[in-house]
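Dear colleague,

I am passing on the structure below, followed by some notes on what was found in it. Please read the notes with the sequence and the coordinates open beside them.

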Amino acid sequence: MTTLIRRYSNKHNHDIEYLISFLRGRFAYYKPLSIVLGANDRKEYKGNASINHMYINLAKITSARDLIETIAHEFVHVKQFDRYELGYDDNGELTWHGVTIEDSVTAPWELDAMFETINIEKELDIIAAVW
């Protein structure tokens with residue numbers, strides 16, 4: 001189980017590793033994981049994920065709590081890809097359980113990630129308290 005964190009700043013390095021360790025246990029995901037912490041004002045999103053990889057856009061993060069929630073949300077997407085719940089069709093469009101979904105804002109994978117993050121909110125509160 002390897003976690004590679006690449007970023008332009010060392011801020012919160014230990015805290016992020018602790019958070020990822022918690023999320024790995026919570027979602028039973030122990031494969032190698034690459035996390036890129038970048039900053040791009042031109043991107044609209046806070047983060048994105050694929051199998052074994054997540055990108056967090058620090059330019060859109062407003063607080064330590066926001067960072068924690070975004071990492072947890074994107075971690076759920078990593079889990080979804082790993083379990084073949086979320087994937088891509090032959091045209092590169094996102095699929096949910098093999099069905100292509102056009103609207104990614106209200107897509108089932110986003111609702112699932114929001115729900116999963118809400119389910120661990122108390123644990124995230126504890127983690128945020130020590131940041």
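Which helix lies across E5 and E6, and at about what angle to E5 does this helix run? Helix H2 (residues 64-82) lies across the two strands, running at about 65° to E5, where angles run from 0 to 180 degrees between N-to-C directions and axes are lines fitted to C-alpha atoms, for helices over the stretch in contact. H3 packs on the sheet as well, touching E5 and E6, and its direction makes about 65° with that of E6; contact means heavy atoms within 4.5 Å. Helices (H or I, at least four residues) and strands (E, at least two) are DSSP runs, numbered from the N terminus.

This is a predicted model, in which local features need pLDDT of at least 70 and side-chain atom pairs count only at pLDDT 80 or more, while totals for chains, interfaces and linings use all residues. Residues are numbered from 1 along each chain as its sequence is written, and side-chain values use heavy atoms, with hydrogens and water left out.

The open sheet is formed by 3 strands in the order E5-E6-E7, with antiparallel pairing (two strands pair if DSSP finds at least two bridges between them). Strand E5 (86-88) and strand E7 (99-100) each have a single partner strand, so one side of each is left without a neighbour in the sheet. E5 is joined to E6 (residues 94-96) by 3 bridges, and Tyr88 has Leu94 in E6 as its bridge partner.

Glu116, found in helix H3 (residues 108-119), is buried, with a relative accessible area of 14% (buried means under 20%, exposed over 50%, partly exposed in between, with a 1.4 Å probe and protein chains only).

Best regards
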